[in-house]
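Biologist: I would like to learn how to read a model of this kind, feature by feature. Could you give me the general idea each time, and then the case before us?

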Amino acid sequence: MLLLCALLCYMALGVDGHGSMVQPTPRNAVDALDPPWNSPMPATWSHHVDTPICPISHNMSSLSLRNGQSCFWFSHGCTIFCDKCDGKTGRLPHKGTCGNEGLVNATICDPNLRTLNRAAPCGDPSDLYYYNPWRAPGSAPVFDSCGMAGGSPIPVSQPQVGVRYKNTSHAKQGDLESAVLPSSPTGTVWTAGELAEVSWTVRTNHGGGYQWRLCPGDQARTEECFHRTPLPFE
């Protein structure tokens, strides 16, 4: 039996954008019961500004804030085959963050596996997202396998970048999920070999993709651990 204590990580493999696991409830929704996330969805909001909410579907007819700031646990300034994230560089058209352009190649070129700018020829200068993490899954570095609060050790000055976390009693900007968030049992039990129903949401798509992976609860939540157990889709 596999008991999920939010060990599934939406950043597991090269997601590029603000997304979060919904079902089972992720442990980084730790502030869901605090204001403003315990209130109704605002009548108006914009994903282009510094708004610390991660709306998810509620009964398929409205939006809810019950996922707290779960979509703000990520790694910023990370591109394929670099040694580390810089925590400050936003999306660069057809560029990496470590000067390796022309030295490395994306492994995903099939338009059916790309989510933005899909008609651009692979590797062409018009292929704006060529060096983004999803284009070579598993090759981009991360600050933490389950994300850093706000995506960077310090807030990025431009609010539209979204690299900013609303500090709470649970976590603050720059905290590593694997270091600061306790286990959060969801009550969800999976049986090895059986199908499991899951859900995931994206608030802002930057040409990314996603994969679900497991890491046993008695092991450190590292990239190596998550790499060992990817889950196939039915």
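Modeller: Let us begin with secondary structure, where helices (H or I, at least four residues) and strands (E, at least two) are DSSP runs, numbered from the N terminus. Read from the N terminus on, the elements of this chain follow the order β-β-β-β-β-β-α-β-β-α, which gives 2 helices and 8 strands. Residues are numbered from 1 along each chain as its sequence is written, and side-chain values use heavy atoms, with hydrogens and water left out. This is a predicted model, in which local features need pLDDT of at least 70 and side-chain atom pairs count only at pLDDT 80 or more, while totals for chains, interfaces and linings use all residues.

Biologist: What is the mean pLDDT of the chain, and where is confidence lowest?

Modeller: The term pLDDT stands for the predictor's confidence in each residue, from 0 to 100. The chain averages 86, and 89% of the residues score at least 70. Confidence is lowest in strand β1 (residues 2–3), with a mean of 38, and highest in β6, with a mean of 94. Over residues 1–14 pLDDT stays under 50, although the model has 71 contacts for them beyond four places in sequence, a contact being heavy atoms within 4.5 Å. Where pLDDT is low, the predicted coordinates should not be read in detail.

Biologist: How many disulfides are there, and how are the bonded cysteines paired in sequence order?

Modeller: A disulfide is taken here as a pair of cysteine sulfur atoms within 2.5 Å, and by this rule the count comes to 5 disulfides. When the bonded cysteines of the chain are numbered in sequence order, the pairing reads 1-2, 3-5, 4-6, 7-8, 9-10.

Biologist: Which parts of the chain does the pair of C54 and C71 link, and what is the torsion about its S-S bond?

Modeller: The sulfur atoms of C54 and C71 are 2.1 Å apart, and the torsion about their S-S bond is about -85°, so the disulfide is left-handed. The pair links distant parts of the chain, with C54 in the loop between β2 (17–23) and β3 (56–58) and C71 in the loop between β4 (62–64) and β5 (73–74), 17 residues apart. As for accessibility, buried means under 20% relative accessible area, exposed over 50%, and partly exposed in between (1.4 Å probe, protein chains only); C54 and C71 are both buried.

Biologist: Are C78 and C85 buried or exposed, and what about C109 and C122?

Modeller: C78 has 9% relative accessibility and therefore counts as buried, and C85, at 7%, is buried as well. These two cysteines form a disulfide with sulfur atoms 2.1 Å apart, and its torsion of about 110° makes it right-handed. In the disulfide of C109 and C122 the sulfur atoms lie 1.8 Å apart; this pair too links distant parts of the chain, both cysteines being in the loop between β5 and β6 (148–149), 13 residues apart. C109 counts as partly exposed because its relative accessibility is 31%, and C122 is partly exposed at 34%.

Biologist: Which residues does P121 touch, and where does P153 lie?

Modeller: P121 lies in the loop between β5 and β6 and, not counting residues up to four places away in sequence, touches S126 and D127. With a relative accessibility of 48%, P121 counts as partly exposed. P153 is in the loop between β6 and α1 (177–180), is partly exposed at 46%, and, with neighbours within four places left aside, is in contact with F143, M148, Q173 and G174.

Biologist: For the chain as a whole, what percentage of the residues is buried?

Modeller: Buried residues make up 45% of the 234 residues. Among the contacts with a separation of 6 or more, 65% come from residues 24 or more positions apart.
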